[in-house]
Amino acid sequence: MMKNSISASKASLVFFLYQMISALDVPLDSKLLEELSQPPTITQQSPKDYIVDPRENIVIQCEAKGKPPPSFSWTRNGTHFDIDKDEQVTMKPNSGTLVINIMNGGKAEAYEGVYQCTARNERGAAISNNIVIRPSRSPLWTKEKLEPNQVREGDSLVLHCRPPVGLPPPIIFWMDNAFQRLPQSERVSQGLNGDLYFSNVQPEDTREDYICYARFNHTQTIQQKQPISVKVFSMDSLNDTIAANLSDTDIYGAKPVTERPPILLTPTGTTSNKVELRGNVLLLECIAAGLPTPVIRWIKEGGELPANRTFFENFKKTLKIIDVSEADSGNYKCIARNILGSTHHVISVTVKAAPYWITAPRNLVLSPGEDGTLICRANGNPKPSISWLANGVPIAIAPEDPSRKVDGDTIIFSAVQERSSAVYQCNASNEYGYLLANAFVNVLAEPPRILTPANKLYQVILDSPALIDCAYFGSPKPEIEWFKGVKGSILRGNEYVFHDNGTLEIPVAQKDSTGTYTCVARNELGKIQNEVQLEVKDPTMIIKQPEYKVIQRYGHVSFECIIKHDSTLIPTVIWLKDNDELPDDERFLVGKDNLTIMNVTDKDDGTYTCIVNTTLDSVSASAVLTVVARPNPPFDLELTGQLERSIELSWIPGDENNSPITSFVIEYEDGLHEPGVWHYQTEVPGSQTTVQLKLSPYVNYSFRVIAVNEIGRSQPSEPSEQYLTKSANPDENPSNVQGIGSEPDNLVITWESLKGFQSNGPGLQYKVSWRQKDVDDEWTSVVVANVSKYIVSGTPTFVPYEIKVQALNDLGYAPEPSEVIGHSGEDLPMVAPGNVQVHVINSTLAKVHWDPVPLKSVRGHLQGYKVYYWKVQSLSRRSKRHIEKKILTFRGNKTFGMLPGLEPYSSYKLNVRVVNGKGEGPASPDRVFKTPEGVPSSPSFLKITNPTLDSLTLEWGSPTHPNGVLISYILKFQPINNTHELGPLVEIRIPANESSLILKNLNYSTRYKFYFNAQTSVGSGSQITEEAVTIMDEAMASRQVDIATQGWFIGLMCAVALLILILLIVCFIRRNKGGKYPVKEKEDAHADPEIQPMKEDDGTFGEYRLFSFVSSAPF
């Protein structure tokens, strides 16, 4: 398929015809243009004002095109310039560009002048602008003797630069000897003329190296002025100098530095005028002296400074307006102001205009006998004059042409002939410049030509327009006809549109529109035809479009784009974000039919478009991705309606980030009492941007606002301005007032101090008042500083007091406070409980009774009673033992309690003490009581030794806790057969003083199980069990010994031992988790019902404590 465009390389060859407007359109076809005659056209020339480097060759450009190629000539200062007579001047081949050789002996100054180029062929002559050649100049500074500048501190100063006049003017800047730019400010700055202005001098301005530099860009040179010295005399140093030269009787002393109102250093006077040309940059300057340094402000009288084109430079001393127009004319006022006054200057600005085009003449191509016009319209201030030239000659003296008529800014052509071809120049000029434009009239007679390639293939989409080209050219203009098929009839009717450029349009192409189409072009000089092909394709469609999505940050989202297309077309799918390429980010994954975005961020918010392109059509579908996030902070907080106890706060909400704001949280900071700490104030609905806030006195408020949406809270806004409320009496008194003595003779009054903003004013203090309750006393008061405690000394022990604490500040008192009851300090109780009685309930439990002490002797808050009790000795044996003294505490005014956990058959002592907040009172006399006998514990061990054929020896230890007088031991045993069945049980009673026994007449080789316990008069204790085996005979015993030494037996025993160890570990774990051993279960089953624990809430047993000591007393 052939391309329906012209390549860029060919288009460059025909650029000069691009803007052609004519009765006859010439297509941009390179082959055609090479064959057609063409008047000259200037394509490139040097600028009108051409400043050249005098050290380099001068190149004056002049390029032109035409058919046939034009020849070139030059004029200099209005006369013919014969380049053949000057060996320093050459013209480039096939070009009009001049090269003047300066580097080989030529002098640039010799070639100054006005140059103009003429390009000519048989169809006409085009001319260039007048090109003024001037060599750049960078003259040296004139020698001058510079006197040091001695100036008094605070005076103004101007350091003049006065650079040499160069071409073009130099760029001025000030530096020191170290080539460092001198710092400039509102006080010190450089003017547009290059001078350095000091609004007022300071001692630090003293230096000897103020140097003005001029940089000439064309020659790349910098010229330096002689350094200027400045010495600033301060008032102190000046007074010292005067004093050293005067006697004591002389009156001396320089006046101190005085402030002065502004005066203008430049411009001078009150008014001035300025003329600027349209399109240039307008620069207006005002520099003022004064102390303090004046500030400059600019206004336009009767109007506004133009927006977007106005800039302030040099610390607002220079007003800059770019691209000025006639509308910028007017009076501009600069105002210099300091604290002592102001001055002003009015600059009257007039904007003139060099000529500028309204309608520039354009090339005209005509057929013989046609009519046409050239129009040249320009404007300016003053109005420019229009003059015409033909082939570079004023039209008044140019050869006559009967088809041409000049009417001011218009040339009218009627019934032109080929000899009417020429190049016309229009010159528009006024005192500020000129415009010169070339426009040719080209009269052509050509037979028809079809420029569209033969058999070109056109492809279109079903139901879309089909445009079939027939680019043609001929002079006169040919007529065009279209046919379909090899022998088809001419195409007519509403289903076709025939364009003037020869294009055939089928507005709605259908499948039957496919086929061969023939274009025929004819004029009076000939006829030509061309065939092209048309194919109609199915359209591309998106059958599954991307859909709108809402996603929170860091989630992932996917858009689908499923397509259907013509089988002969190859589609390409691209995705765009906000009509631009997708970000270069690995989070964006483009699949065959979808786009997936991982870890979505706020910047991913936008419109995503799926675009499907083929060579013939393009379809797209878009969907919006909304990324929701916390809102942006509010801004522009404003405080209005300031009252003593309220204020109105308003704000502008920040971006809600696609999730509506539901509420605003207002916080405040008290810069007076808690700077840097923000407190919650209130919360308002998200639709509200104003709130009335209640305030407290004597608080330096700042407010900030936090926006809240469904996603979370925004960052806080910037704080509002501060607002200090007036002081007032305190509104409230301290809370949590208490009176509790720390010593028997004092009363400690405490309270919670008011917070900073509750003080309502400076000088926060507290008035503390007290008097003894139920005594007709006056109030005693004292005013204390901002503390939270006061101690009243010399009080009676533990008496009630009425107490009140009142806040006050420098403006007065808070409301009358409420009274609270406190007590002075406690002392230790004086009296021990009396009539202590003990009732032994059983061998492990006793009940103690006592009489309460008188409340007055308690001398404090009664907290309860403590019972101290300890075991003195065991009645069953004497030994030194570690005494454990135990304590039970009974809360409140109880007069009895239970003593659990006693040991049977033991002697105990106890005493009772009353307790208050200070401590314990004296102990009651010790009471002795004894516990009765109980059942003993199990024997400490049972060991079976010396097995024989019919006997076993038993040894045992007495119980660790006899709990009474042992009267005997009970031994029970029975045989166990191979199936672990138990035989008859035999019981033997053994005297209490025995510790071993030999059992005889036992069966040989039999296993026995033994049960052994001790007995007191109360009953039998817990038993201990053991098993043993009698042997078979002596030989068997020998064999048994031999077996015991065998390896396999030893291995078996090791395995058994390992299993037992594992079982022990399991039992240990169960115990730690709360399990019970069988022995514990048995003890629980036989526990004494008399010592079962009572309910915890009856207070009978009290709180338990343990004290230990070692006693050497005999038991």
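This is a predicted model: local features need pLDDT of at least 70, side-chain atom pairs count only at pLDDT 80 or more; totals for chains, interfaces and linings use all residues.
Me: Let's take one of them. Why is the disulfide of Cys286 and Cys334 called left-handed?
Reply: Cys286 and Cys334 are joined with an S to S distance of 1.8 Å. For the handedness, look at the torsion about their S-S bond. The disulfide is left-handed because that torsion is about -70 degrees.

Me: How many residues apart in sequence are the parts that Cys286 and Cys334 tie together?
Reply: Cys286 sits in the loop between β22 (282–285) and β23 (287–291). Cys334 belongs to strand β27 (residues 330–338). So the pair ties together parts whose separation in sequence is 48 residues.

Me: Are Cys286 and Cys334 buried or exposed?
Reply: The cut-off for buried is under 20% relative accessible area. Cys286 falls in that class, and Cys334 does too: both are buried.

Me: Now Cys376 and Cys426. What is the handedness of their link?
Reply: The sulfur atoms of Cys376 and Cys426 are 1.7 Å apart, and they form a disulfide. About the S-S bond you find -65 degrees. That link is left-handed.

Me: Where in the chain does Cys426 sit?
Reply: This pair links distant parts of the chain, 50 residues apart. Cys376 is in the loop between β30 (372–375) and β31 (377–381). Its partner Cys426 is in strand β36 (residues 422–430).

Me: Why does Cys376 count as buried?
Reply: Anything under 20% relative accessible area is buried. Cys376 is buried because its relative accessible area is 0%. Cys426 is buried as well, and its relative accessible area is 0%.

Me: Which strand holds Cys519, the partner of Cys470?
Reply: Cys470 and Cys519 form a disulfide with sulfur atoms 1.8 Å apart, and at -60 degrees about the S-S bond their link is left-handed. Both cysteines are buried. Cys470 lies in the loop between β40 (466–468) and β41 (472–475), while Cys519, 49 residues away, is in strand β45 (residues 515–523).

Me: Switching to strands: which residue of β18 is the bridge partner of Tyr213?
Reply: Strands β17 (residues 207–216) and β18 (residues 221–224) run antiparallel, joined by four bridges. Their hairpin has four residues between the strands, and Gln220 there takes a positive phi near 55 degrees. Over in β18, the bridge partner of Tyr213 is Gln224.

Me: Which residue has a side chain in polar contact with that of Thr626?
Reply: Thr626 is part of strand β56 (residues 618–628), and it counts as buried because its relative accessibility is 10%. Leaving out residues up to four places away in sequence, Thr626 touches several others, including Val550, Ile551 and Asn658. The side-chain polar contact, 3.1 Å, is with Tyr548.

Me: Last one: what share of the protein's residues is buried?
Reply: The protein has seven helices and 86 strands. Of its 1115 residues, the buried share is 41%.

Notes:
Residues are numbered from 1 along each chain as its sequence is written. Side-chain values use heavy atoms; hydrogens and water are left out. A disulfide is a pair of cysteine sulfur atoms within 2.5 Å. Helices (H or I, at least four residues) and strands (E, at least two) are DSSP runs, numbered from the N terminus. Buried means under 20% relative accessible area, exposed over 50%, partly exposed in between (1.4 Å probe, protein chains only). Two strands pair if DSSP finds at least two bridges between them. A polar contact is a pair of N or O atoms within 3.5 Å; within protein, one must be able to donate a hydrogen and the other to accept it, and residues adjacent in sequence count only if both atoms are side-chain atoms. Contact means heavy atoms within 4.5 Å.
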